[in-house]
Amino acid sequence: MTVVHEREPVTEILRTMAVDGDVCGELVRAARAHSPEVARLTEAESLSHVTAMIRAAGEWFATFDGIEQQDFTAALLLGADRAGQGVAMTAVLRGVQAALNRAVEITVDRCRAAGVADGTVLDVVLRLNEYGDAVERHVINGYRAAERATPHETAEVRTNVLRRLLVGGVVPSPLEMAGAGMRPGGGPFHCLVTGADDPTSARLLTDRLSGPGTVFGLVEGRLAGLCHRKPEGRETPTSALVVVSPPAPLEEIRPLYRLCVRAVEIGVRRGRHGLYELTDLAAEIALADQPLMGEHLSTRLLGALDRADGFHRQLALTALTFLDNGRRLDQTATALFTHPNTVRYRLGRLQQITGHTPTDLTSGPLSEPLSTLNWWWALTTWLGEDRDPPSPS
């Protein structure tokens, strides 16, 4: 066929269309214009599907493998999404057909502008029609599969995919991703782990954090999930602890999940709430996982203190709060509900008892940041879980 010899310019045209926001937007508008039910949805809900399908068409045209060997995950997911949104099958297909027809028209115009021979253009139209027929079949299959699945079954599928990925490191296939409601080829994912370990809290957080492309489930007893967009603090209940990782491809998610779990374990013990980025807790994770070094540091710097002595614990807590507040006397006093002079007195007594002080970090072989880190580590280890300042009287 002539198109085999001249497929490279056509492939490039399709690839260019897939990253052309104006073209993708035009296809979305064509679908919305021919299907009022689809028009009631946001343009963004259709745009990701359109972009994925054009990209897949370009990849198929480049390889020229049989149609049965192509990836139609985007079409399956489109059908499943529309079924879940209650859009009638006929309305979905009207929108799909309108978008496909417009895609063929644009492709033909660009082929002719690029000087592609008429015979090749005709072959391109036939091949794209073949691809469009396959897209429609997979949209129908995805729609019917979603109709058959109960909410409980869908939740089970998502949870199983998450467990295999986060615990076992098994990257799901495109078909499994579609079944779990994940959007293949949509870029990297954030891993998200929460302190929620009961069904009621998990359901509340899932409702607050869910959005396009997000998947949640109970993994190892805690609510965990994947999302393309990092949630904002206002989306997280203030009573809940949520740790979110940097974005990464699925192949690199498992170690990030383990770090997020560790961060949640530490955060829950210390009474933390709200949204934290994983890197916010990097130092606490690293120090918590080296307990022997922490014990040696606390012995060196705080060995003269008695853990059973309430006054000594008060001195250590004051010093730790002093470091947590940037070594500011006024802010430390506010955090401890006391007077700055009282903070100054306690720090002085700590120096008298131990021979060391976190107020002067410029002497010795270490730089100020490292000396501060050593003091923070020693105090945190020495105090253990008893780190909360007293409540105001």
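Residue numbers run from 1 along each chain as its sequence is written, and side-chain values use heavy atoms, with hydrogens and water left out. Because the model is predicted, local features need pLDDT of at least 70 and side-chain atom pairs count only at pLDDT 80 or more, while totals for chains, interfaces and linings use all residues.

**Whole chain**

Start with a cartoon view of the protein chain, which has 18 helices and 5 strands. Both are DSSP runs numbered from the N terminus: helices are H or I with at least four residues, strands E with at least two. Of the 393 residues, 45% count as buried, meaning under 20% relative accessible area with a 1.4 Å probe and protein chains only. Contact means heavy atoms within 4.5 Å; of the contacts with a separation of 6 or more, 73% come from residues 24 or more positions apart.

**The second largest pocket**

Next, select Met-53, Val-96, Ala-99, Leu-100 and Ala-103, the lining residues nearest the centre of the second largest pocket. A pocket here is an open set of points on a 1 Å grid over the protein atoms alone, where a 1.4 Å probe fits, with protein on both sides within 12 Å along at least five of seven lines; lining residues have an atom within 4 Å of a point. The space in this pocket is about 430 Å³, a volume being the space filled by probe spheres set on grid points joined across faces, edges and corners.

Which helix gives the most to the lining? Colour helix 7 to see its 10 residues there. Elements giving two or more residues include helix 7 (89-113), helix 5 (43-63) and helix 8 (118-148). The lining divides into 19 nonpolar, 8 polar and 3 charged residues. In this count Ala, Val, Leu, Ile, Met, Phe, Trp, Tyr, Cys and Pro are nonpolar, Asp, Glu, Lys and Arg are charged, and the others, Gly among them, are polar.

**His-190**

Now move to strand 1 (residues 190-194) and pick His-190. His-190 is buried, with a relative accessible area of 9%. Show its side chain: one of its polar atoms lies 2.8 Å from the backbone oxygen of Ser-245. Beyond four places in sequence, the contacts of His-190 include Cys-227, His-228, Val-244 and Pro-246.

**Helix 15**

Select residues 310-324 for helix 15, whose 15 residues reach 21 Å from first C-alpha to last. Is helix 15 enclosed or open? It is largely enclosed by the rest of the structure, because 11 of its 15 residues are buried. Among those buried are His-312, Arg-313 and Phe-322, and the cover includes helix 16 (329-336), helix 17 (340-354) and helix 18 (368-383). At the start of helix 15, a side-chain oxygen of Asp-309 reaches to within 2.8 Å of the backbone nitrogen of Phe-311. Just after the helix, Gly-326 takes a positive phi of about 65°.

Finish on helix 18, where the buried residues include Trp-375, Trp-376, Trp-377 and Trp-382. The buried residues of helix 18 pack against helix 13 (282-288), helix 14 (291-302), helix 15 and helix 17. Following helix 18 is Gly-384, with a positive phi near 65°.

Last, select Thr-357 in the loop between helix 17 and helix 18. Thr-357 is buried, at 11% relative accessible area, and it touches Gln-351 and Trp-375, not counting residues up to four places away. Draw a C-alpha to C-alpha line from Thr-357 to Trp-375: they are 8.7 Å apart in space and 18 residues apart in sequence.

Key: Buried means under 20% relative accessible area, exposed over 50%, partly exposed in between (1.4 Å probe, protein chains only). A polar contact is a pair of N or O atoms within 3.5 Å; within protein, one must be able to donate a hydrogen and the other to accept it, and residues adjacent in sequence count only if both atoms are side-chain atoms. The expected span of a helix is 1.5 Å times one less than its number of residues.
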